[in-house]
Each structure stands twice: as C-alpha cells, then as structure tokens.
Amino acid sequence: MLRSPELPAGTAEAGLLAEAMLTVSDFCCILDHALSEREAGQGPLTERLGLSGSQLRALRDRWLPHAVLPDLDLPVPDVPDDQKAIQTLILWRCGVATDEARWLAAILARRAAEPHHLWEDLGLPGRAALSGLIRRHLPGLARANSLNMRWKKFFYRQICSDSAFSLCLSPSCDDCDERAACFAPD
C-alpha cells in the first residue's frame, strides 16, 4: 500500500486517517452535547445516548481513549417501543456489523425521541454532518433514504409502514415551530 509522503511510516493511508478523524469528530460532537445535557440535569450519559456504561467505555476506548466520561457503571436504560423499532430498522438497513454501527443505531434511535432536528439533538453542526455520519458508518441506511428525506421523518415513516407498529407520527413534529422547514423540499 502506498503511503502519503506527509505521514510517518507505519501510519494509515491519508484517506483512512481522514476518515478516522471524521469519526472522532462525530463522536466528540455527540458526546459533548450529551455531556452538556447531563450537566444541565437532564439525566445520566447512558440515558442521553441510549447506551450502557460498558458500551460507552468501549466507544471511548476506541475513539477517545483519554476522555473522562461519567456513568460508565450504569446499565443500558429502558428502551421504549418506538426507540427499539428505530434501532432495529437502522441495524437492519445499515449493511454493516461494526461496533460503530451498533453504537450509532442506539444513539440515533434514542436521540430521535428528542424535540428538535436530529442533527441538533446529536450536537452536530448541520444536517449535512448527520448525513455524512450515516454515509460513513451506516451506508445501507444512507442508500435506503434515496429521496433524501429528513432522517427523523425517514425513521418514523419506515417504522409506520410496518403493520405491527402503531405509532405513526414523529414524536414532536406537530408542536415544532420549524415544521415547514423539515417537510419542505431541499
């Protein structure tokens, strides 16, 4: 394999390094946002992200080994039915079986229950950042959203099409003051 001349011998190819940096950035944004919510008294990190303490530890150890995270001794929080359905949908559609895919499926499903745009509730800088994260880590899910529907809307539309599931509205769209922006074409 050819190495980029600016990288020291033994390091990853430049494209792989850039991808790893994006992954670190994704998880930094998500964790920073969840930690801010925790500091504001909105619950432990496990509840904010839908992961157990051991899953958070594994994520941290892989991508942010020097980060100090609280709540690593807590179990996975209770998962409501709509969140389970979204998580299952993501894992079914994603096309990969990586730890990152499993962590992100749980995180995306949990954060989809929050009242704002999904990218905002993840702490990402914009919708494009969320779509990029999904393309990188959940490529089959990205391909399934071929019409570029808003992600939260896409998740709920997908689970609503399952006759065994009875919830058919995004959790808070009717009350959102930005409803027109979400359902308008890009």
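Me: Before I look at any helix here, what is the expected span of a helix?

Reply: The expected span is 1.5 Å times one less than the number of residues in the helix. Keep in mind that this is a predicted model. Now take helix H5, residues 99-111: with its 13 residues, H5 reaches 18 Å from its first C-alpha to its last, close to the 18 Å expected.

Me: Okay, and how enclosed is H5 by the rest of the structure?

Reply: The general idea is to look at relative accessible area, where buried means under 20%. In H5, eleven of the 13 residues are buried, so the helix is largely enclosed by the rest of the structure. Among those buried residues are Trp103, Ile107 and Leu108, and also Glu100, Arg110 and Arg111.

Me: How do I read the way H5 and H7 cross?

Reply: Picture a line fitted to the C-alpha atoms of each helix, then ask about the angle between the N-to-C directions. For H5 and helix H7 (residues 127-137), the axes come within 10 Å and cross at roughly 145°. That crossing is left-handed. On the H5 side, the contact is made by Glu100, Ala101, Leu104 and Leu108, while H7 brings Leu130, Leu133, Ile134 and His137. Sorted by class, this contact has six nonpolar residues, one polar and one charged.

Me: What about aromatic pairs, how many are there?

Reply: You check whether ring centres lie within 6.5 Å, then look at the angle between the planes. The count here comes to four aromatic pairs. One of them joins Trp151 and Phe155, and it is tilted, at 6.0 Å centre to centre with 45° between the planes.

Me: Where do Trp151 and Phe155 lie?

Reply: Both sit in helix H9, residues 151-160, four residues apart, which is about one turn of the helix. Trp151, Phe154 and Phe155 form one aromatic cluster.

Me: Is Phe155 buried or exposed?

Reply: Phe155 counts as buried, because its relative accessibility is 0%. Trp151 is buried too, with a relative accessible area of 5%.

Me: Last one: which residues does Leu31 touch?

Reply: Touching means heavy atoms within 4.5 Å. Leaving aside residues up to four places away in sequence, Leu31 touches Leu45, Leu49, Leu56, Leu59, Leu64 and Leu69. Leu31 itself is in helix H1, residues 14-39, and is buried, with a relative accessible area of 5%.

Key: Residues numbered from 1 in each chain as written. Predicted model: local features only at pLDDT ≥ 70, side-chain atom pairs only at ≥ 80, totals over all residues. Heavy atoms only, no water. Helix = DSSP H or I, 4+ residues; strand = E, 2+ residues; numbered from the N terminus. Buried < 20%, exposed > 50% of the residue type's maximum accessible area, 1.4 Å probe, protein only. Phe/Tyr/Trp six-rings, centres within 6.5 Å; stacked < 30°, edge-to-face > 60°. Axes fitted to C-alpha atoms, helices over the stretch in contact; angles between N-to-C directions. Left-handed = near helix turned anticlockwise from the far one by under 90°. Nonpolar A, V, L, I, M, F, W, Y, C, P; charged D, E, K, R; others polar.
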